[in-house]
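Hi,

Here is the model I promised to pass on.

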Amino acid sequence: MSAEQRIKNLGLVLPPVSAPAGNYATAVRSGNLLFISGKAPLPMDGKPPKGKLGREYSTTEGYVLARSACLDLIAVIKDKLGSLDEVAQVVELHGSINAVPEFEEHAKVLDGASDLLAEIFGPAGIHARSVIGVSSLRNGVPLTLKATIEVKLG
Amino acid sequence: MSAEQRIKNLGLVLPPVSAPAGNYATAVRSGNLLFISGKAPLPMDGKPPKGKLGREYSTTEGYVLARSACLDLIAVIKDKLGSLDEVAQVVELHGSINAVPEFEEHAKVLDGASDLLAEIFGPAGIHARSVIGVSSLRNGVPLTLKATIEVKLG
Amino acid sequence: MSAEQRIKNLGLVLPPVSAPAGNYATAVRSGNLLFISGKAPLPMDGKPPKGKLGREYSTTEGYVLARSACLDLIAVIKDKLGSLDEVAQVVELHGSINAVPEFEEHAKVLDGASDLLAEIFGPAGIHARSVIGVSSLRNGVPLTLKATIEVKLG
């Protein structure tokens, strides 16, 4: 099954691509690699999520927030490539979790993004991954994701 | 206009390339990608800047510090490639801001680097970007930048 | 001398590859680049190390911990490529140090990994590098490393 079919079957609707937070592009392609800029979770109830894991947000809520930010990443892929079926492989995913110093469940939070990539892209969605806990993020968002994607060659 | 002409018109002088802080190289090339090591702001009044955004440094000062670290990145590019005109595209820029936990203006700080890349490289300077707030950096520097550059093919 | 010979001469034994901490792969190859997922120090006395640099661990202990995590990275390379002699170049190493906000010796800690790469791979082990101090990591591990490797072409 193709990624476009899977996303339809899952009933997922991609959001409009969010604007860059500064003087940069949402993604840059070099050869057959697409480098995607850092993305935060989508607005909920009209407001961008704000707060830290282990204080304002639980690990379970963090999972949902990571899934949300990943949906924005995927919207960028669709916007840049025209179709999700142009993805050969999700190469790398890096997550930065805005958390209190005692937080330890970064892996469970980031699985919200990794699970979504696997659901949509199948084996091509299984990526190399790293995750860190940071003390602050722009506008106080609870996490950001960035990714590198391999595009199918013409 | 070429990058070399633009940097001359801007009256910018590239600093000597700073030495690595440990057992590694300032940059490594693989294929037509140049991966540049983390760089901190240049010394001011003979001393390397030290302190955190939101405590020792304001956002406006952070913008200047990001521009300064970016000048060191660009000096590495010139050193490795011989000429800035060999840059096909600035692919990716990643910034780590040494900040207090309440800091939220990471994007404004990093624009100091992004704006400089756009001024010097034009459209080829518009990159994918990510930025995080970290709780500590080597020698207490206020920020570090790393970048990936696509080099023109022979 | 080859990397396989050097590791034998050093008397180093590679550990079994540690399992991913979530829904992802230990490494993904794209073209001739191998992207390796974040790795923590190996268990000591049967327990995974836990704690922060500048509190539970000194810089000297951190050097040993970085060397340990790097050994896990190298085990992944061996597992994915069959032989360490397939490495053309260690391209990039990124270290995240779980540290107290006053910590400043990130470079000395990360040299534990960089020195090992140089010992095993010689000039092909000299990489681009970046290091940050983070406020938390999964399961409270003291540091993680990720790397990008260029593989020899068939």
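A term before the sheet: two strands pair if DSSP finds at least two bridges between them. Strands themselves (E, at least two residues) and helices (H or I, at least four) are DSSP runs, numbered from the N terminus. With that in hand, strand 1 and strand 2 of chain A pair in the antiparallel sense over 4 bridges, and V28(A) has F35(A) in strand 2 as its bridge partner.

Some housekeeping: this is a predicted model, where local features need pLDDT of at least 70, side-chain atom pairs count only at pLDDT 80 or more, and totals for chains, interfaces and linings use all residues. Residues are numbered from 1 along each chain as its sequence is written, while chains are lettered from A and ligands numbered from 1 in the order in which they are written. Chain A averages a pLDDT (the predictor's confidence in each residue, from 0 to 100) of 96, and 100% of its residues score at least 70. For the complex, the predictor gives an ipTM of 0.96 and a pTM of 0.97.

Back to the fold. Chain A has an open sheet of 5 strands in the order 1-2-5-3-4, with mixed pairing. Strand 1 and strand 4 of chain A are at the edges with a single partner strand each, so one side of each has no neighbour in the sheet. Helix 2 (residues 59–81) of chain A packs on this sheet, touching strands 1, 2, 3 and 5, and its direction makes about 35° with that of strand 5 of chain A. Axes here are lines fitted to C-alpha atoms, for helices over the stretch in contact, and angles run from 0 to 180 degrees between N-to-C directions. Helix 3 of chain A lies across strands 3, 4 and 5, at about 160° to strand 3 of chain A.

Now the interfaces, with contact meaning C-beta atoms, placed from the backbone, within 7 Å. Between chains A and B, 22 residues of chain A are in contact with 26 residues of chain B. On the chain A side, strand 2 of chain A gives the largest share, 4 residues. The contact of chain A with chain C takes 26 residues from chain A and 22 from chain C. There, strand 3 (87–98), helix 3 (106–121) and strand 4 (128–134) of chain A each give two or more residues.

Cheers

Definitions and conventions: Two residues are in contact if their C-beta atoms, placed from the backbone, lie within 7 Å.
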